[in-house]
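Work through the exercises below with the model open. Each task is followed by its solution.

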Amino acid sequence: MTSLIPSIKPVMPFMAVLLRLLSVRLLVASALISLIIACSPSSEPVSDLALNDSAEINDAEPSEAIVVYSSRNEHLIQPVFALFTEQTGIEVKYTTDKAGVLIERIKAEGKNTPADVLITVDAGTLGYAAQQGIFQTLDSAIVAERVPAYLRDDSDYWTGLSLRARTIVYSTERVKPEQLSSYQNLGADQWQGRVCLRTSKKVYNQSLVAMLIAEQGETKAESIVSSWVANLAIPPTSNDTKVMDAILVGQCDVGIINTYYFGRLQTKIADLPLALFWPNQTAEADSGVHVNVAGVGILKHSKNAAQAKRLVEWLVSDSAQALFAGVNKEYPINDSVEVNPQVASWGHFKQNPLPLSQAYVLQPAAVKLMDRAGYK
Amino acid sequence: MLNLLNLGKQLRKIGVWQVFLVVMALPTLLALLGVLSSFLHPDIESLSHLAQYVLPQTIKNTIFLVVGVGVVTTTLGVSLAWLTAVCDFPLRKFFVWALILPMAIPGYVMAFALVGLFEYTGPVQHFLRETFGSSSAFPDIYSYGGVVMALSLALYPYTYLMVRNAFQTQGLRSLEVGQSLGLSIRESFWRICLPMARPWIVGGTLLVMMETLSDFGTVAIFNYDTLTSAIYKTWFGLYSLPAALQVASVLLIFVVVITLLERRSRASQRFSQTRSAKSVAGRIRLSGVDRWLALLVCVLVFSLAFVMPVMRLLYWAVPNMNADITSQFLGYVAGSTSLSLIAMLMIAGLALLMAFTARTYNSPFAKIVVRISTMGYALPGTVLAVGLFVPVAAIDNVLGAMGLSTPLLQGTMVVMLLAYSVRFMAVAFTPLESNLLRITPSIDAASRSLGVSGIKMLAKVHLPMVKGGLLTAMVLVFVDVMKELPITLMTRPFGFNTLAVRIFELSSEGLWERAALPALAIVLVGLIPAFILIRKSDAR
């Protein structure tokens, strides 16, 4: 230890010279001031959602804040938590990151994790989280009653919160809806050079192909995906909106997208010459439109599990559902909840009833299949 | 064997400074060990699939990309640095600092803006179709050329800044030497100035290559698959973190190869320069056509790399501006700025100490340790973030088991800043290292003979000589921290947001119109250090 002390001493004048030389004292001062500003409680309400008008409830029911890790982005969850706090007086703190990172983080934090709840998108990811052993069972009669079984985990580790449908979009100028029938059919000869798809690296396409594997078997699914690739008009795009852009300018005529992207474009462009088509609906054997969920699980090491369960149960309630799904133009998890008029205008469709817990099991196979089929 | 014995000898006389070096390298070493430890659980099934269908193409793509971006950024960086540091042409004073600005635009924002402009559905090709009936002659932006262009435009300022620093301090004097030897300016450039600036050029290229290796956001927009995309696909798609890390170790091999090449390129050379006195000769006054050519090159690069993307961002941001500039938004600006300032001071300071220490104890041991601590820049950010978070959480858990209230470390600024220093040590260290090469042993001897030695010598003699490098390092770190995402996401305290986080939240949902405002704010804040740097360095 003694050898440390003299060695630190000369560093001080050294740093002083350094600072003087650069005349950065001003910078340091401003850095410290801005740090104080940034860290002062006044900037906390960004996530501490205690609202003023719920002060009475707060007094009546003092309770510890629930901590949420979420891969669903801030602007989609913030209003929902604000409503929860308003109605229950329970505060919610949250942080956002990519799902895979949050799961690793929870594993690393182990018993000391500050988090109570993980909200993420995609059944495969939820299944992976469950398999990694970070959840406890929900054990909620309310969830079991409100959420259809195929949108929940078989082992009760997570439940879906909102539905996203992945369906076909087509140009109303160049395609008649009668020409369309199913996902498989996009590989038919008539669509040669007319199909646009988003990259296979997006989880939405991975879970769609996982569904095809579950239904058709791996060999059949691979030939379907290969036939799509053969029909591509342009290389796979980086996002769903670009698929629609390409159809709009005539690079291709049909594509596969999540409905809420269509909803956003529809809001922006009146008289959009595009329409949604619900595939796999007509024949008895047809299985329906591929759906995926945003979902939630309570962490095994939550120190606030009772409150967390209250949040989860509240999230599947009617008032929360309208908001949770509504902010992103998704579908509520339960049919009884009214969807917003724009979403309703797209019509009803038969959902694919394949249990979403299967997604985790089949998604890696889907990724590999798409690699083999040359779907980039 | 001899080397090992030497190493042993070195280890025996470990002093405080060696301990300092090791401490600096330790977090990176932990992250690297985390990557390599994945081989304890090889995921044969995923790996054999990757080896057959994914790796051949991605490795090839990665090599092509790194080489392409390396060549383009070096060409751009060196020629622009030469023009602005040594020549004189209209608007030179403006371009000196304006050409740094593209650095403040995150790579994926640059890519999105360029793609938006030049793709088939974008305004440029739309205009061509309206005017000429077809845009088929227009090159496809979703191509190798497109990715190289986007990354090069975002990254050339690294080389530009580094090399400018070299030309600024020695370019004109080298030219004088050339003239005294009867060489023309052209000959002097190729035979004297360029070779003398080699450590800076190589350093800049190295930084660019490392950044290219770790990039995910930019290549994703082009759907151009590199090793980094393979890592994320394996992790998030195949749900195999071990296999993902094994792919990451392939990436590490790339880094080691690039680093070795760099070492070799300067192994047999010595660089020194007398203290840069004010040059006798003025800048080269370019003649007629050359003046306008120089101007044209600068205008072209600046418009492509800065004006066009920023116009695109403005086009998106302006309609929402009134609604989106809230006190919350100003909070993000304050958060980003303060974080970048603090990180800048800390990392530049640490890099300076490290560079001096490595120079003073110029041993193989010191060299290896320094190399390790600069490797964090080439790992994909998310891999590094997780690699750093795991040990931090483990320490917290141990402290918790010892009865301390936890978490002590997680969610504190300390962890955040340490993680930044692991990530950006290379950025701060490289410019300093090049400048230190210039300080010859004879300078040390002279200073000792005047009774100035030890720390005093470092402060009074060496520090002024690396001032330019230090300023470059500070600007680079400042802007890089502004743009940083994965570490910020993972280690930030609850409720603490930065501009980069905001861009991520909005753009990952496809809401580019609203992501444009925080992106513009990053550019605006990034302007400030660029401006200060140039005012300080160009004054001479």
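**Exercise 1.** How many salt bridges are counted between chain A and chain B?

*Solution.* This is a predicted model, in which local features need pLDDT of at least 70 and side-chain atom pairs count only at pLDDT 80 or more, while totals for chains, interfaces and linings use all residues. Residues are numbered from 1 along each chain as its sequence is written, chains are lettered from A in the order in which they are written, and side-chain values use heavy atoms, without hydrogens and water.

Step 1: apply the criterion, a side-chain nitrogen of Lys or Arg within 4 Å of a carboxyl oxygen of Asp or Glu.
Step 2: the count between the two chains is 6.
Step 3: one example joins A:Lys268 to B:Glu513, at 2.7 Å from N to O.

**Exercise 2.** Which helix of chain A gives the most residues to the side that touches chain B?

*Solution.* Step 1: helix α3 of chain A (residues 25-39) gives the most, with 8 residues.
Step 1: by class, this side of chain A has 31 nonpolar, 23 polar and 18 charged residues.
Step 2: contact (heavy atoms within 4.5 Å) links 72 residues of chain A with 72 residues of chain B.

**Exercise 3.** Which residues lie nearest the centre of the largest pocket?

*Solution.* Step 1: the lining has 34 residues, and A:Thr241, A:Leu265, A:Lys268, B:Trp316 and B:Glu513 lie nearest the centre.
Step 1: A:Lys268 and B:Glu513 are also the salt-bridge partners of Exercise 1.

Note on methods: Helix = DSSP H or I, 4+ residues; strand = E, 2+ residues; numbered from the N terminus. Nonpolar A, V, L, I, M, F, W, Y, C, P; charged D, E, K, R; others polar. 1 Å grid on protein atoms, 1.4 Å probe; cavity = no way out; pocket = protein on both sides within 12 Å on 5 of 7 lines; lining within 4 Å.
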